[in-house]
Each structure stands twice: as C-alpha cells, then as structure tokens.
Amino acid sequence: KENAWIPVRIRNAFSNFPPKASFIAMYILEVDQFILTPITTHTLDGEDSESPKTQLVFNITKPPLQGFITHLSDHTKPITSFTWTELNEMLIAFQPPNSSHTERRNYEVEFEVHDAYFRKSAPIMVHISIRTADTNAPRVSWNMGLVLLEGQSRAITWEQFQVVDNDAISAVRLITVDGLLHGRLTVRG
C-alpha cells in the first residue's frame with residue numbers, strides 16, 4: 001500500500017484566524033505568600049473559532065521574574081507550555097518565590113495560545129499579585145518533598161525544606177506530630 005501527499009491550494013478561502021484571549025477571564029491571579037496556587041480558566045483562557053478548546057496549547061513566552069509556573073504532577077519544576085485541558089483541570093499552578101517580603105509584590109507573565117493549525121495569538125498578559133503573610137508565626141516557605149528508594153537514607157536539606165519566621169528564626173523548633181508510613185525520622189548530632 002502506498003500513500004502520497006498531494007498539495008492542494010484552495011483559492012478565495014478564508015485563512016485560519018489566530019486564537020485569541022477569552023474576554024471572560026480576568027487575567028489577574030491573587031496569591032498568598034509561599035502558597036502554591038492553581039491557575040484556572042477564570043485567570044487565563046483562550047478561544048479559537050476553528051479549533052476546539054481541547055486542542056489549544058499555551059506557551060509561556062515571558063516567565064515571572066521570581067517564582068515559576070508549574071504542573072501539579074511535579075510541582076518542583078517550572079514548565080514552558082501546557083494544554084487548555086490541563087488548565088481546565090486545574091493542573092497548572094504558580095509557585096511563588098520562597099523569600100519573605102513585608103509588602104505586596106506584583107509580577108507579569110506573558111503567554112501565547114496556539115491552535116491546532118499552529119497559529120498563535122497575540123501576547124496575553126497575566127498579572128500576579130503576591131500578598132504578604134499577616135502573621136509572625138513560623139511557616140514553611142518551601143517543601144519539595146523527599147523521594148527515597150527502599151533502604152536509602154538522605155538528609156533533609158535547605159533545598160528540599162525551608163522554614164521562615166519574621167522575628168526569631170533561631171528560636172524555631174521543628175516537632176514531629178505524625179508518624180511516617182515507612183521508615184523513621186532521625187536527628188543527627
């Protein structure tokens with residue numbers, strides 16, 4: 001069996017229109033300091049007259065200056081693109097920076113939406129505003145988790161787990177309040 005591709009030129013036809021930003025979305029995301037926050041279709045959305053929404057793909061063309069856009073299947077890594085379906089299922093989120101600030105911080109993230117025929121939209125700007133924490137209590141600012149294979153042990157380091165406190169970080173003590181499913185937690189020294 002043989003296949004052949006024959007180019008076909010259709011004259012006087014309408015060209016493919018590029019996708020565009022949906023007028024229903026707000027394009028503003030309010031985030032609490034240190035809190036991984038899902039991006040929904042109320043924050044960012046696109047539409048295309050020739051493609052169903054399930055075929056739209058978003059590219060991050062200008063990431064935020066601090067923090068990153070991530071997929072909830074592995075929230076420790078930044079992503080550069082995602083589908084409308086992932087956005088609609090709330091699998092895309094913004095991870096704020098893990099540094100404490102006393103005033104609100106504002107960032108802009110630029111996206112493009114691509115349709116099934118590889119046409120791209122004009123840039124879509126989303127404004128992200130990070131509220132400050134209204135507490136002096138210590139809090140976890142970064143928790144990347146720790147994955148080990150059976151029989152392995154590893155120290156929990158600053159890269160995996162960070163705690164911040166506004167007034168007395170040296171007085172903060174960590175206490176285990178619930179047990180592990182497997183293994184044990186020990187303190188060196």
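The model is predicted, so local features need pLDDT of at least 70 and side-chain atom pairs count only at pLDDT 80 or more, while totals for chains, interfaces and linings use all residues. Residues are numbered from 1 along each chain as its sequence is written, and side-chain values use heavy atoms, with hydrogens and water left out.

**Whole chain.** Begin with a cartoon of the chain, which holds one helix and 13 strands (DSSP runs numbered from the N terminus: helices are H or I with at least four residues, strands E with at least two). Read from the N terminus, the order is β-β-β-β-β-β-β-β-α-β-β-β-β-β. The radius of gyration (over C-alpha atoms) is 22 Å, well over the 16 Å that the globule rule gives for 189 residues, so the chain is more spread out than a compact globule; the rule is 2.2 Å times the number of residues to the power 0.38. Its C-alpha trace spans about 80 × 50 × 25 Å along the principal axes.

Select residues 124-131, strand β11, and residues 28-32, strand β2: they run parallel and are joined by five bridges (strands pair if DSSP finds at least two bridges between them). Here D32 stands opposite R131 in β11.

**F111.** Within β10, select F111, which stands opposite I124 in β11. F111 counts as buried at 2% relative accessibility (buried is under 20% relative accessible area, with a 1.4 Å probe and protein chains only). Leaving aside neighbours within four places in sequence, F111 is in contact with L44, N59, I60, T61, F82, A122, P123, I124 and V126 (contact is heavy atoms within 4.5 Å).

**Largest pocket.** A pocket is an open set of points on a 1 Å grid over the protein atoms alone, where a 1.4 Å probe fits, with protein on both sides within 12 Å along at least five of seven lines; lining residues have an atom within 4 Å of a point. The volume of this pocket is about 1,500 Å³, meaning the space filled by probe spheres set on the points, which are joined across faces, edges and corners. Strands β12 (139-143) and β13 (161-164) each supply at least two lining residues.

Notes:
Buried means under 20% relative accessible area, exposed over 50%, partly exposed in between (1.4 Å probe, protein chains only).
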